Amino acid sequence: MTKPLNIGMIGYGFMGRAHSNAYAKVNHFFDLPMRPVLKAACGRDQAKVRAFADRWSYESVETDWRKLVERPDIDCVDICVPNNLHKEIALACAANKKMVLCEKPLAMNGAEGREMVEAVEKAGVANMVWYNYRRVPAVTLAKQLIDEGKLGRIFHYRAKFLQDWTINPELPQGGTALWRLDVAAAGSGVSGDLLAHCIDTALWLNGDLVSVTALTETFVKERKHNLTGKVEKVGIDDACIFFGRFANGSLANFESTRYARGHKALYTFEINGEHASIFWDLHDLHRLQYFDHRDGGLTRGWRSVHVTDGEHPYMANWWVPGLQIGYEHSFVHQVADFIKGVASGNLAQPTFRDAQRTGLVLDAVLASAKTGQPVDVVRD
Ligand code: SOE
């Protein structure tokens with residue numbers, strides 16, 4: 001029997017939509033012991049949250065997240081609001097024994113993240129952070145190939161996440177759509193928003209980062225603030241570059257920016273090993289580029305694997321071989337894995353504890369950017 005899993009969604013922006021879509025679709029494609037029920041949507045603006053709830057068929061609305069978290073008919077709370085609210089809501093979820101799914105990055109910094117990990121673990125509630133790119137089938141396949149030892153010893157891990165949407169100096173900071181530019185709401189700039197994805201994938205594929213040396217830049221120093229109407233200092237990093245060392249001895253080379261004209265969401269990573277290399281590109285997300293030096297000499301070269309076959313990760317649940325899926329499916333996969341984890345007692349990753357490792361790398365990156373000196377990553 002499929003049991004209901006009553007979802008309380010806090011926030012109704014881009015991520016509120018991506019997650020709601022995943023809850024609505026997941027049981028159409030995956031055999032699962034639970035079925036998400038869109039019980040309540042929560043947001044401060046009554047008219048907007050009502051419109052969101054109607055569009056996605058949520059049964060009810062709340063305008064105060066505390067009420068939602070306390071409701072006895074909610075099993076699982078999804079936190080899709082700016083980063084400065086994650087901790088308070090997650091702690092309230094733990095206190096009310098609710099399962100909790102949190103948007104990335106987990107927290108404003110490692111200290112907040114630590115409190116959140118402690119709270120959910122002490123309460124014994126299921127928890128997960130939405131680092132969705134792990135569940136793009138081509139990325140999951142990369143993990144499989146690395147774990148099978150196909151690459152051999154890893155020498156290099158190179159990742160970039162490039163965008164170009166904040167170049168205009170007239171763009172304000174703060175408020176509903178632009179909180180990512182406001183340090184008080186976001187905690188950091190591209191490091192927490194974009195590099196966090198690259199770091200999460202890297203720690204998963206290649207293990208811990210032990211030390212980093214970073215540079216950040218804020219190209220536009222002042223912007224009008226939507227909440228105060230005044231021109232205010234910009235506190236976020238517009239661009240962040242770091243290099244570092246992984247525990248396995250390989251070297252890290254990472255870059256993120258919102259000032260790479262022409263690039264909208266160019267997340268790429270390349271891993272170079274002793275025998276083979278892997279390259280992945282979000283703009284072509286259903287392909288994995290693979291080079292194996294052990295291939296026969298004359299035809300040796302990069303293979304572009306179309307990750308759409310039934311034996312590829314997650315693909316047997318979708319269409320027939322050769323037909324590709326996209327960005328939104330990574331969230332569907334994450335919900336499917338979360339439910340399987342809840343049912344088996346073996347929680348799907350990344351849990352809050354896993355995501356905290358990314359938070360601690362971000363702390364080290366931002367600390368290094370202040371001094372230009374290498375900083376060791378703290379281990380909790
Ligand atoms: C920023 O533009 C953003 O939407 C991030 O917040 C997401 O995490 C990333 O996946 C796409 O870009």
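Visitor: How do β15 and β16 run, and how many bridges join them?
Guide: They run antiparallel, joined by four bridges. Strands are DSSP E runs of at least two residues, helices are H or I runs of at least four, and both are numbered from the N terminus. Two strands pair if DSSP finds at least two bridges between them.

Visitor: Before we go on, what sort of model and numbering is this?
Guide: The model is predicted: local features need pLDDT of at least 70, side-chain atom pairs count only at pLDDT 80 or more, and totals for chains, interfaces and linings use all residues. Residues are numbered from 1 along each chain as its sequence is written.

Visitor: Back to β16. Which residue stands opposite R303?
Guide: Y290 does. Y290 is also the bridge partner of I278. β14 and β15 form a hairpin, with five residues between them.

Visitor: What is the strand order of the sheet?
Guide: β16-β15-β14-β13-β7-β12-β11-β8-β17. The sheet is open, has nine strands and shows mixed pairing. Its edge strands are β16 (303–306) and β17 (375–376), each pairing on one side only.

Visitor: Which helix packs on it?
Guide: α10 packs on the sheet and touches β8 (209–217), β11 (239–246) and β17. Contact here is C-beta atoms, placed from the backbone, within 7 Å. The direction of α10 makes about 50° with that of β8. Axes are lines fitted to C-alpha atoms, for helices over the stretch in contact, and angles run from 0 to 180 degrees between N-to-C directions.

Visitor: And β7 with β12, parallel or antiparallel?
Guide: Parallel, over seven bridges, between β7 (residues 154–162) and β12 (residues 251–257). H156 has L251 in β12 as its bridge partner.

Visitor: Helices next. How do α8 and α10 cross?
Guide: The axes of α8 (residues 190–206) and α10 (residues 352–371) come within 9 Å and cross at roughly 125°. That makes α8 oblique to α10. Angles under 35 degrees count as roughly parallel, over 145 as roughly antiparallel, 65 to 115 as roughly perpendicular and the rest as oblique. On the α8 side, the contact residues include A196, I199 and L203; on the α10 side, V361, L362 and V365 are among them. By class, the contact of α8 with α10 has eight nonpolar, three polar and two charged residues. Ala, Val, Leu, Ile, Met, Phe, Trp, Tyr, Cys and Pro count as nonpolar, Asp, Glu, Lys and Arg as charged, and the others, Gly among them, as polar.

Visitor: What angle do α4 and α5 make?
Guide: About 15°, with the axes of α4 (residues 86–95) and α5 (residues 110–123) 9 Å apart. They are therefore roughly parallel. Their contact has seven nonpolar, no polar and three charged residues.

Visitor: What about phi at K97?
Guide: Positive, about 60°, though K97 is not a glycine. K97 lies in the loop between α4 and β5. Most residues other than glycine have a negative phi, and most peptide bonds are trans.

Visitor: Last one. What surrounds the ligand?
Guide: Q163, D193, H197 and A265. A residue counts as near if its C-beta atom, placed from the backbone, lies within 6 Å. The shell has one nonpolar, two polar and one charged residues.

Notes:
Contact = placed C-beta atoms within 7 Å.
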